[in-house]
Amino acid sequence: MPDQVTNYQCPSCGGPLHFDTKLQKLKCDYCGSVFTNEEITAAFQEKNEQAEAVGFDTISPEALQWTEEEAAKLRAYNCPSCGAQLICDSTTAATSCPYCGNPTVVPAQFKGALKPDYIIPFKLDKKEAVQRLSDYYKGKPLLPSAFSSNNHIQEIKGVYVPFWLYDGEADTDMAFHATRSHSHHQGDYLVTVTEHFQINRQGTVAFNMVPADGSSKMPDELMDAIEPYNYNEIIPFEMTYLPGYLADRYDLTAEDEADRADSRMRNSAIRAIRNTVHGYDSVNPEREMVNIIPERVHYAFLPVWMLSTRWNGQNYLFAMNGQTGKYVGDLPVDKGKMVMYFFLIFAVLAAVLFVILFILMGR
């Protein structure tokens, strides 16, 4: 019987292959052989097609005392290398065998419409992700010293996150009330003249590849914060970019996330039109009519490094753009340092105020 999943193994020695971010090729962990994506795609095409046809095994709720609802969200696969049974989430598209360590890809997750249109390969590896986390700590005066010096990363994983990329246009019809004031002396009086203007703007703003992640597992605020990606480097999807990383197919459809993308287009269009109104002392919107015209939707895998650590009984999660290196995440605050900085700033302001009062009283 054909295997349900594909282990990408070196054609030279049989060792596990992983996608190398520096070479942008697949490299063997054992013998160091390097292969292009085209070579590995051709070598494993037949295995992928067979695995896609086999699909997956369902989980019996009684097997591990799961509820029917829990079992329905799980899939069972057999590792081709060691024969172990892999229990995965129903959206898992790429993982690694916990027994033999071989990178594992699930071709059935890319059948038909489930196959992504595009992918941006990882450009930064795990070592760089850890180093940039240390850099992220720098320049944070309220960060507890023990957090950065004694911090141990509990988990780090490279994940291809499913994203919907929306194309569209925003037809805008906006009106503003603006004022401009100028003053002049007239005898003993200072006369201020305020001019009022009615400004109308109409236009169309085009958008390409507005992103919204299609995974309910990923915090939207983190996925939004690590943008932007450089879409000039987006390429057609191939499964050979996945070995060595995790990947999930979407569990939120393009329709589910459409309102989120429309909102981003609408807000961006309003800002773009507002920025064309300048040269006034004040500008207040009176009418903001924006009609979003959807066009194409693309399905893509985008690279994200997820790092988690635990300190003082609390979990901290960080995300890094696997292409650009942009970092986001919450950090703890040293309350002692916060109090110290408060009194330091208070003392400086008090000293400045004292000097000003001293000069005024001297006069």
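**Briefing: the surroundings of Thr-104 and selected salt bridges**

Beyond its neighbours within four places in sequence, Thr-104 is in contact with Val-5, Thr-6, Asn-7, Leu-86, Ala-93, Ala-94, Thr-95, Ser-96 and Cys-97. The model is predicted. It holds 13 salt bridges in total, among them Glu-128 with Lys-22, Asp-213 with Arg-260 and Arg-260 with Asp-220.

**Thr-104**

- Thr-104 belongs to strand S8, which spans residues 103–105.
- Its relative accessible area is 1%, and because buried means under 20%, Thr-104 is classed as buried.

**Glu-128 and Lys-22**

- A salt bridge joins the side chains of Glu-128 and Lys-22, with an N to O distance of 3.2 Å.
- Glu-128 is part of helix H4 (residues 126–137), while Lys-22 sits in the loop between strand S2 (17–20) and strand S3 (25–28); the pair therefore ties together parts that are 106 residues apart in sequence.

**Arg-260 and its two aspartate partners**

- Asp-213 and Arg-260 form a salt bridge in which the closest N and O atoms are 3.1 Å apart.
- This pair links distant parts of the chain, with Asp-213 in strand S11 (residues 189–213) and Arg-260 in helix H7 (residues 254–274), 47 residues apart.
- Both residues are buried: Asp-213 has a relative accessibility of 0%, and Arg-260 has a relative accessible area of 18%.
- Arg-260 also forms a salt bridge with Asp-220, where the closest N and O atoms are 3.3 Å apart.
- Here the link runs from Arg-260 in helix H7 to Asp-220 in helix H6 (residues 220–225), 40 residues away in the chain.
- Asp-220 is partly exposed, with a relative accessible area of 32%, in contrast to the buried Arg-260.

- Through salt bridges that share partners, Asp-213, Asp-220, Asp-224, Glu-227, Glu-257, Arg-260 and Arg-264 are joined into one network.
- Arg-260 is one of the shared partners, since a salt bridge is defined by a side-chain nitrogen of Lys or Arg within 4 Å of a carboxyl oxygen of Asp or Glu, and Arg-260 pairs in this way with Asp-213 and with Asp-220.

Definitions and conventions: Residues numbered from 1 in each chain as written. Predicted model: local features only at pLDDT ≥ 70, side-chain atom pairs only at ≥ 80, totals over all residues. Heavy atoms only, no water. Helix = DSSP H or I, 4+ residues; strand = E, 2+ residues; numbered from the N terminus. Buried < 20%, exposed > 50% of the residue type's maximum accessible area, 1.4 Å probe, protein only. Contact = heavy atoms within 4.5 Å.
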